[in-house]
Structure formats: C-alpha cells, structure tokens
Amino acid sequence: MVGSVAVACTDAASDDAGPAVRVSTVLDGLAHPWDVVVAPDGAVLTGERAGRFVVERADGTSGEVTADLSDLFAAGETGLMGIALDRDFAANRTLYTCQGHRGAGAAPVGDIRVVSWTVDDGWTTLTRGADVLTGIPLAPSGRHGGCRVLAHPDGTLYIGTGDTASPAVPQDRASLGGKVLHVDTDGTPAAGNPDPASPVFTLGHRNVQGLALQPGTGRLYGIEQGTRVDDEVNLLTAGGNYGYRPDRAPGRYDESVPMTDPDRVPGAIVAVWRSGDPTIATPGGTFLDGPGWGEWSGVLVVTSQQAEKLVLLRLSDDGRYVAHESSALERRFGRLRSATLAPDGGLLITTDNGSGDRVLRVAPDSG
C-alpha cells in the first residue's frame with residue numbers, strides 16, 4: 001500500500017512556475033481519499049469518501065483503521081469528508097470528521113454531521129464519540145455536501161458547508177447549508193458569531209470545501225467550488241455575505257447567476273481570487289510555511305480537480321487580493337483534492353481520480 005520512492009518534480013523556470021519540489025507517495029491503492037491529517041506522533045490518516053479510514057503509522061506500517069461507519073450516507077459528492085485533529089490531540093486522542101448520515105427507517109436521506117472520535121495509541125481502532133453538530137442539510141443525490149472541518153488554535157471548529165443545490169439555502173440564515181459555521185467542540189455556537197444563538201459565521205456560499213488559516217495573521221480563507229464561472233477564494237469575516245443567490249427563477253436552482261452578486265445581494269463581499277471562465281474545481285488548500293520553502297513561504301496553495309494542478313497565490317499584505325499567481329504539478333497526478341501542511345513544512349496532497357488514488361508528500365527540492 002505504501003510507496004516512498006521520491007520523484008523529482010521540478011517545474012521549468014518562468015514567471016508562472018511554482019517552487020522546485022520533490023514528490024513521494026505516502027499511501028496508495030485508495031479510492032477518493034477526501035482529506036488527510038498528520039498526528040503529533042507522525043501517523044498520517046486519510047479517509048475514503050465511500051467510508052474507510054487508512055493510516056500510515058510512524059513506524060512505516062500501514063492499514064485500515066476500524067471504525068463504525070454503519071450510518072454513513074455516501075452518494076454523489078457526499079460521504080466521509082473532512083477530518084481535523086483536536087487542538088489537544090496529543091493528550092486526548094480526539095479527532096473530528098464531517099460526514100453524511102443516513103436517515104432512520106424509510107427515510108434514506110438524513111443530514112450531514114460533524115462527529116467526534118478517539119483513536120488508540122496503535123492506530124488500529126477509531127471509537128465513535130458524540131455528534132458535535134447535526135442538521136447540516138443533505139441532498140438525496142449527495143450534491144454540494146461540503147464539508148471541510150478546520151480545528152482552530154483557539155480550540156473552536158470552523159466548518160465549510162454546501163448548499164445542496166437548493167435555490168434558497170445560501171441566503172437562508174436558518175439553514176446550515178451554503179455557510180461557514182463556527183462552533184465550540186460541544187457544538188454550541190462559538191463566541192463572536194453574528195447571532196450568538198446560531199453556528200452561522202458567514203453566508204452566501206455555494207460549496208465551501210476548503211478552509212485555510214494564514215500563519216501569523218489569523219486570517220481565515222474559504223475555498224469554494226464555482227458554477228461554470230468563478231471558483232473563489234474568500235477572506236472570511238464574521239457576518240460576511242459572499243453573494244451567492246441562485247433563486248432568481250422561482251423554485252429553480254439557477255446557476256447562471258454570478259458567484260458574487262452585489263446587485264441582488266447588497267453588500268456582498270468580493271472574492272480575493274476568482275478562477276474565471278471556465279472553473280477549475282477548487283476543493284482545498286493551505287498555506288506554505290517554513291524556511292524550507294524560501295520565498296514561497298506564506299503562499300496560499302489551492303488544489304484543482306479539473307485543471308489537475310496546484311494553484312499558488314501570493315496574497316497582498318492586507319490579504320484582500322492576489323499579487324502573483326503561479327502553478328505546480330500540472331497534469332502530473334490527475335485530480336487533486338486536499339492540501340495539508342505537515343509539521344515539518346511539507347505538503348500532503350490527496351488525489352481524486354476514483355481508483356489508484358494516493359496521498360502524496362510534496363516537499364521543497366533543495367537540489
């Protein structure tokens with residue numbers, strides 16, 4: 001299952017070339033691994049969307065981690081999705097997943113939930129804990145299910161959700177879909193939310209599948225899948241409305257509307273970055289950080305499924321626009337989904353090709 005032979009992957013020098021990198025395989029033989037995390041003990045954990053956890057342990061052994069996923073709803077874009085380690089994982093062995101939940105009885109469709117788990121020291125078994133948050137809407141098709149979880153250093157959780165391709169959901173403050181949510185680890189709304197009684201932090205989104213915290217500034221960015229035009233990176237602020245309102249035609253999900261529509265959503269916040277036309281499908285991202293990256297440290301890395309590459313965005317000092325854009329790994333590993341910064345500064349990337357998928361390690365090439 002594991003391959004660790006490094007492959008040189010250095011882009012030719014040009015204004016648009018990304019950093020020189022080396023790529024190795026951490027885990028392979030996977031199918032739609034959605035997210036990946038690195039534990040303090042060095043273990044690398046990923047989860048397949050259809051419902052399976054796989055680990056590479058610090059001693060180099062790898063295999064499936066047993067977990068009760070008997071109620072998992074896995075269809076379309078929904079299943080076992082985001083994974084995040086608790087801030088105090090080293091002490092409590094707790095992690096969180098965002099996953100589809102089957103309805104009871106004759107109702108096959110339930111909701112999307114954030115679930116807590118604990119894992120044993122040997123990484124053999126995940127034991128299910130409490131449901132942290134329930135009631136995130138779920139479409140029967142599984143379309144636009146989100147769902148990214150970011151464990152903030154302050155101990156709270158941010159959750160990016162999808163709008164289930166429902167016309168009213170992104171602007172409906174009573175719905176948890178098409179939002180970025182902010183909760184404590186017991187599921188209660190976190191301090192600083194616009195409505196102290198609601199988990200909703202921002203609204204007006206289509207399908208937030210990526211969340212990235214900028215080192216040194218505390219700025220939080222949402223990475224969003226667009227329609228046919230404009231995937232987006234958004235600088236998230238409490239109470240911000242990001243302007244997606246696909247209800248122009250009564251009762252119909254109208255994807256011809258702009259991703260950010262200031263005419264129909266007064267005060268809509270403009271994206272920091274847009275893909276333009278066509279979209280390239282942007283499901284994840286993180287910031288490079290560490291001396292090994294040299295001048296590239298601090299750059300936001302956004303994954304692309306359709307364009308099969310990493311997009312590297314050097315942001316302005318105020319974080320509100322892109323000063324320079326470049327790319328890396330284009331058409332080399334197929335569709336790229338998640339990007340996670342490892343403690344040593346390397347990137348872990350999951351591929352999303354459906355079979356033969358991998359967790360890749362991308363590290364700066366020192367030459």
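Student: Which residue in β22 is the bridge partner of R314?
Tutor: First, this is a predicted model, so to speak of its cut-offs: local features need pLDDT of at least 70, side-chain atom pairs count only at pLDDT 80 or more, and totals for chains, interfaces and linings use all residues. Residues are numbered from 1 along each chain as its sequence is written, and side-chain values use heavy atoms, with hydrogens and water left out. Strand β21 (residues 309-315) runs antiparallel to β22, with six bridges between them; strands here are DSSP runs of E, at least two residues, numbered from the N terminus. In β22, R314 is bridged to H324.

Student: What is the bridge partner of F53 in β6?
Tutor: Look at the open sheet ordered β3-β4-β5-β6, which is antiparallel too. Its edge strands are β3 (33-38) and β6 (62-65). Strand β5 (residues 52-56) pairs with β6 over four bridges. In β6, the residue bridged to F53 is V65.

Student: Does D254 count as buried or exposed, and at what relative accessibility?
Tutor: D254 sits in the loop between β17 (232-235) and β18 (273-274). Buried means under 20% relative accessible area, exposed over 50%, and partly exposed in between (1.4 Å probe, protein chains only). D254 therefore counts as buried, at 4%.

Student: With the side chain of which residue does the side chain of D254 make a polar contact of 2.5 Å?
Tutor: Leaving aside neighbours within four places in sequence, D254 is in contact (heavy atoms within 4.5 Å) with P246, R248 and A249. A polar contact is a pair of N or O atoms within 3.5 Å; within protein, one must be able to donate a hydrogen and the other to accept it, and residues adjacent in sequence count only if both atoms are side-chain atoms. The side chain of D254 makes one with the side chain of R248, at 3.2 Å. At 2.5 Å, the partner side chain belongs to S256.

Student: How many residues apart in sequence are the parts that C98 and C147 tie together?
Tutor: C98 and C147 form a disulfide (cysteine sulfur atoms within 2.5 Å), with their sulfurs 1.9 Å apart. C98 lies in strand β8 (residues 94-102) and C147 in the loop between β10 (126-136) and β11 (148-151), so the separation in sequence is 49 residues.

Student: Which element gives the largest share of the largest nonpolar core?
Tutor: A nonpolar core is a set of buried Ala, Val, Leu, Ile, Met, Phe, Trp, Tyr and Cys residues joined through side-chain atoms within 4.5 Å. The largest has 20 residues, and C98 is among those with the most contacts inside it. Elements giving two or more residues include β8 and β9 (109-119). The largest share, three residues, comes from β10.

How values were computed
Two strands pair if DSSP finds at least two bridges between them.
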